[in-house]
Amino acid sequence: MWSFILRRILLMVPTLFVVSVISFVIIEAPPGDFMDSYVNALLQEQEAVDPAEIESLRKRYGLDAPTYVRYFRWLGNIMQGNLGRSLEWNQPVSKLVADRLPWSLAISVASFFLAYAIAIPIGLYSATRQYSLGDYFFTLIGFIGLATPNFLLALLILWYYFVATGNVAVGLFSDEYLIAPWSFAKFIDLLKHLWLPALVVGTAGTAGLIRVMRANLLDELERPYVMVARSKGLSEGKLLVKYPFRIAMNPVASTIGWTLPTLVNGELLASLVLGLPTIAPLFVGALLSQDMFLAGSVVMILSTLTLVGTLLSDIVLAWLDPRIRGAI
Amino acid sequence: MTQSPLLLSVDNLATHFFSQEGILEAVDGVSFDIHAGEALGIAGESGCGKSVTAQSILRIVPKNGKIVMGEISLFQNGESVDLVQLDDRGQEIRQIRGGEIAMVFQEPMAAFSMVYTIGNQITEVIRLHQDCSQNEARDRAIEMLRRVGMPKPEQTIDAYPFALSGGMRQRAMIAMALSCHPALLIADEPTTAVDVTIQAQVLELMKDLQRDMGMALIVITHDLAVISELCDRVMIMYLGKDVESAPADVIFRDPKHPYTIGLLRSVPELGEGHSQELDPISGSVPSPYRRPSGCPFHPRCPEFIPDVCDVHLPPQIELAGGHRVRCHLYVQD
Ligand SMILES: Nc1ncnc2c1ncn2[C@@H]1O[C@H](COP(=O)(O)OP(=O)(O)OP(=O)(O)O)[C@@H](O)[C@H]1O
Ligand code: SF4
Ligand SMILES: [Mg+2]
């Protein structure tokens, strides 16, 4: 098992390299650089533009070097934890990211656990009582959940929140805790606020998970080894959890990897609508203004997180199914 | 043959499957008795209901199927229970499964879960039925693996099923079924999944174990050679019905039912080393959803009596010497 984990981590190195190249290329793809947008902005405000000054700015930020030099410079900086400076915010990128990333992660992780906590029991219930009234009920709820766009749900919740409390933005803390130092009470307050965005982000995923869980379990329940387990005198409940459930968890666990990026996606919409101080709105702003250091760092960080997500899901898979341990 | 006490009595059992295509009468009126220590062979073409009969006894018929008729009486300590009347999830039947009656399944490939070691899956059944610690259960499992001829049982016990060969998996399956010393072992095609040399070893093993442990045996098979080797009695099934049953030597010497006669004719020399799949008789098995009227065998029967066989279901006829047959030819008038 440990050697599996080690091999799996080593495999991440080339992938990380590719990810960094892709992040860089994506950021470089739009024509022009930050200076061009800067010049445009100045021109729009009818200010005088001194080409020499622009050129020296270009030099100062290294925008005139060949692409590969810029790439390695960028990568080298990232390795040292120096993510560069946001030209738009005039702040170190690392500070911007550090301020917001924890909230993004908190929302993603919370919605992840919320999704699993809801989906697994319901999936189990639906599969073992196929075509029962409860099964139909959850199927219906699931389809509604799948079909409801996240932003619509966010808007509905926002509206409800407004009607109920008179506040416009949901936020992550009550006013009295906003700048208070960390305490247990503050943490509880955070949890009280967190479940809302977590729900918004997680609904579609939850509904999908329920379907996957139910379908897998139904498949597994037909397998001969289930009948064998029954023939040994195992009770239905124990049997279910020990045998088919563990196998049915496989595809569910393998979704952990791609759940993270979709969560980021969902988090983006939810945060924009609910006005949360997460990384998503920051990223959108950076893309709009071609703030390349900021945008590039965010892409890089999110991709790395996704890779870590797939790593985690592979480890869970290998734990669930010993056949996978030898496969890498 | 000295008659030991009755262990299991199946009376007029019928198990049907219900689906959109209709009702499938997988088992449709089957009766047989097994005495302690006796070996019964059940033979018949694919789909005639052999496995479903076994599943019915253990009450593990898949959920789209149902026992619609009959009794299955198990005699223990002078008392009898009708297994059909038990709750199929209840405590009582669960103690019988794996404890009193154990089963070796048709496909050893699929019968083990691939995510637990065979040791885990064998000790599980031991701990369910015997009052012992994890370590004792493990020792017993190793002992049983040694008994079925598993090479290096101390190591193999920690192997995952996918790492074992077909023959080893079959042995592990047998060890698992035998681990709680059942009074009755049902072996569903114990030899089809393994190659010929292993087949002989597995048969030898079952015979030894049956003798040593005094256990009764139901062997389900396509292969009449297996039956001639292992069994005291034979029951031949056709389309869910028990068309003939008799002591093994009688059926090979003096078969009565036209279907049995056809089956035996297709096996040129019966004896050690010769095994033959059953596929002798002209015509094919009709769709299980559309059973022929009257005698289910009449569309293929060379002795077919018009206006009788296609109209009336033949009754079960008792001949001398525990020989029973379902055929109009033997109706006394
Ligand atoms: N779960 C099920 N659902 C519907 N029909 C079934 C099911 N299991 C078995 N059957 C049907 O019941 C009939 C008897 O099946 P069974 O498995 O007992 O045959 P068998 O005699 O064991 O054949 P084989 O020699 O191929 O194992 C077949 O027509 C089969 O298609
Ligand atoms: S009852 Fe008639 S059709 Fe059926 S086996 Fe006997 S002779 Fe043949
Ligand atoms: Mg079968």
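**Exercise 1: a helix pair in chain A**

In this predicted model, helix α5 (residues 93–128) of chain A packs against α13(A) at an angle of about 50°, and their axes are 10 Å apart. Work out how the pair is oriented, which way it crosses and which residues meet.

Solution. 
- Step 1: Take the angle of about 50°. Angles under 35 degrees count as roughly parallel and those from 65 to 115 as roughly perpendicular, so α5(A) is oblique to α13(A).
- Step 2: Look at the handedness. α5(A) passes α13(A) in a right-handed crossing.
- Step 3: List the residues. From α5(A) come V93(A), L96(A) and V97(A), and they meet F293(A), L294(A), S297(A), V298(A) and I301(A) of α13(A).
- Step 4: Sort them by class. The contact of α5(A) with α13(A) has seven nonpolar residues, one polar and no charged.

**Exercise 2: another partner for α13(A)**

Describe how helix α12 (residues 279–288) of chain A packs on helix α13 (residues 292–320) of chain A.

Solution. 
- Step 1: Read the geometry. The two helices pack at an angle of about 135°, with axes 8 Å apart.
- Step 2: Name the arrangement. The angle makes α12(A) oblique to α13(A).
- Step 3: Find the crossing. α12(A) passes α13(A) in a left-handed crossing.
- Step 4: Pick out the contacts. I279(A), L282(A), F283(A), A286(A) and L287(A) in α12(A) meet L294(A), A295(A) and V298(A) in α13(A). These divide into eight nonpolar, no polar and no charged residues.

**Exercise 3: a helix pair in chain B**

Is helix α4 of chain B roughly parallel or roughly antiparallel to helix α7 of chain B?

Solution. 
- Step 1: Start with the axes. Those of α4 (residues 118–129) and α7 (residues 166–178) of chain B come within 8 Å and cross at roughly 20°.
- Step 2: Draw the conclusion. This crossing makes α4(B) roughly parallel to α7(B).
- Step 3: Locate the contact. I118(B), Q121(B), I122(B) and V125(B) in α4(B) meet A172(B), A175(B) and M176(B) in α7(B). By class, six are nonpolar, one is polar and none is charged.

**Exercise 4: the two ligands**

Solution. 
- Step 1: Begin with ligand 1. It has 17 residues around it, of which A26(B), S46(B), K50(B), S51(B) and V52(B) come nearest.
- Step 2: Ask where this shell comes from. β2 (22–35) and α1 (50–58) of chain B each supply at least two residues, and α1(B) gives the largest share, three residues.
- Step 3: Classify the shell of ligand 1: seven nonpolar, nine polar and one charged.

**Exercise 5: where the chains touch**

Solution. 
- Step 1: Count by chain. Chain A gives 19 residues and chain B gives 23.
- Step 2: Trace the chain A side. α9 (224–231), α11 (244–274) and α14 (322–325) each supply at least two residues, with the largest share, six residues, coming from α9(A).
- Step 3: Sort that side by class: nine nonpolar, three polar and seven charged residues.

How values were computed:
Residues numbered from 1 in each chain as written. Chains lettered and ligands numbered in written order. Predicted model: local features only at pLDDT ≥ 70, side-chain atom pairs only at ≥ 80, totals over all residues. Axes fitted to C-alpha atoms, helices over the stretch in contact; angles between N-to-C directions. Helix = DSSP H or I, 4+ residues; strand = E, 2+ residues; numbered from the N terminus. Parallel < 35°, antiparallel > 145°, perpendicular 65-115°, else oblique. Left-handed = near helix turned anticlockwise from the far one by under 90°. Contact = placed C-beta atoms within 7 Å. Nonpolar A, V, L, I, M, F, W, Y, C, P; charged D, E, K, R; others polar. Near = placed C-beta within 6 Å.
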